[in-house]
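Hi,

Here is the structure I promised to pass on. Have a look at it first, and my notes follow below.

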Amino acid sequence: MTSPVAELKLSDYLLGTEEKRKAFADDLYTSLRETGFVVLTDHGINLSRLHEAYDIIADFFALPEEEKRDYMIGMDGQRGFTPFGREHAKGVEAADLKEFWHVGRDEIKPNVWPERPAAFRAEVGWLYDALDETGLLLLQALTGPLDLPEEYFDEMAGGGNSILRLLHYPAIPEDADPASIRAAAHEDINLITLLVSASASGLELLGRDGEWRAIEAPADAIIADAGDMLARITNNHIPATTHRVVNPDNSRDVRYSMPFFLHPRPDAMLSCLPQFRDGSEDPDITGQGFLEQRLREIGLS
Ligand SMILES: O=C(O)CCC(=O)C(=O)O
Ligand SMILES: [Fe+2]
């Protein structure tokens, strides 16, 4: 039996006593290690602005398909629009039942922005920065339990190649491949992922006991999970969390969600930490090298 997902207040880390900060960091580490997930409350991200962002992305996805397709750029899906039926999980043939928009760091690859809704760029840009800051704080908290210098992850991932994904899962089309679900079981590529709670349920996590469980989190909480890159540098001491999004009971129900994938800088070396080396660790690879390898595996490159 896995332990339940911890619910932690980010304010304990930001504003708490030394004791509170340490308890936060230890609980974060233990929950990620044992359940792969943590639920963050009191995270300080402006909630009314967050709800507005959901309205704005719903307006964007409601635009005509041809207009959205104007924002398909390049083939690697790292910026702009990716249409329904394109991405599939690694090792799965059936495509996921979703369309999405990616925002990244302009300095690494320039963003594209839709002409409408008018507030898209400002509000989505704000959310990117807020989640980037929150994600780096979580990584900073992990440096205690991982016995690393406090600035370790700021150097690896500050100004990194992180991606905010705005997701729309439309009503399930009648002709959908019966093998397809909204998002097939997968692990995220990056260090950690932050999910600002979605507009509807459906997210499930594969427990270390092999059981799928629906994620239950209070409204407005942020769910954080560990990705492949964190697993790699800890030699699976913090394993990447397998998760999926299942289809709704009512096939007409739509769903929006906004995962933020916290990535290292492209040239940062993903090197197994010394305390986890036992000969079974993966070889060193740059953030960019690992990303390219994984994008090929999910049909985005
Ligand atoms: O929509 C969600 O809640 C999760 C999406 C997800 O896991 C992903 O896009 O990697
Ligand atoms: Fe994911």
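Of the contacts in the protein chain between residues at least 6 apart in sequence, what percentage join residues at least 24 apart? The answer is 75%. Before you go further, keep in mind that this is a predicted model.

**Overall build**

The protein chain has 8 helices and 14 strands. Its C-alpha trace spans about 50 × 40 × 40 Å along the principal axes. As for burial, 40% of the 301 residues are buried.

**The sheet**

There is an open sheet of 8 strands with mixed pairing, and the order is β1-β2-β10-β7-β12-β5-β4-β3. β1 (6-9) and β3 (80-82) are the edge strands; each has a single partner, so one side of each has no neighbour in the sheet. On average, neighbouring strands here are turned by 25° against each other, ignoring direction.

Zooming in on one pair, β2 (residues 37-41) and β10 (residues 222-226) run antiparallel and share 4 bridges.

Helix α2 (residues 18-34) lies across β1, β2 and β10, and it runs at about 150° to β1. Helix α5 (residues 120-142) packs on the sheet as well, where it touches β4 (99-103), β5, β7 (192-196), β10 and β12. The direction of α5 makes about 130° with that of β7.

**Around the ligand**

Which residues surround ligand 1? They are R165, L167, A183, D188, L195, A198, L203, H243, V245, S257 and P259. By type, this shell splits into 7 nonpolar, 2 polar and 2 charged residues. Three strands each supply at least two of the shell residues: β5 (163-169), β11 (243-245) and β12 (255-262). Note that β5 and β12 also belong to the open sheet, and that both are touched by helix α5.

**Backbone details and loops**

- R116 and P117 are joined by a cis peptide bond, with omega about -5°. P117 sits in the loop between β4 and α5.
- D147 is not a glycine, yet its phi is positive, about 60°. You will find D147 in the loop between α5 and α6 (152-157). It has 10 C-beta neighbours inside 10 Å, so it counts as exposed.
- D220 also has a positive phi without being a glycine, here about 75°. The loop that holds D220 is the one between β9 (212-214) and β10. With 14 other C-beta atoms within 10 Å, D220 is partly exposed.
- R208 is in the loop between β8 (203-206) and β9. Because R208 has 16 C-beta neighbours inside 10 Å, it counts as partly exposed. R208 and T241 are 33 residues apart in sequence, and their C-alpha atoms are 9.1 Å apart in space.

That is what I have for now.

Cheers

Key:
Residues are numbered from 1 along each chain as its sequence is written. Chains are lettered from A and ligands numbered from 1 in the order in which they are written. This is a predicted model: local features need pLDDT of at least 70, side-chain atom pairs count only at pLDDT 80 or more; totals for chains, interfaces and linings use all residues. A residue is near a molecule or strand if its C-beta atom, placed from the backbone, lies within 6 Å of it. Ala, Val, Leu, Ile, Met, Phe, Trp, Tyr, Cys and Pro count as nonpolar, Asp, Glu, Lys and Arg as charged, and the others, Gly among them, as polar. A residue is buried if 20 or more other C-beta atoms lie within 10 Å of its own, exposed if 12 or fewer, and partly exposed in between; C-beta atoms are placed from the backbone. Two residues are in contact if their C-beta atoms, placed from the backbone, lie within 7 Å. Two strands pair if DSSP finds at least two bridges between them. Axes are lines fitted to C-alpha atoms, for helices over the stretch in contact, and angles run from 0 to 180 degrees between N-to-C directions.
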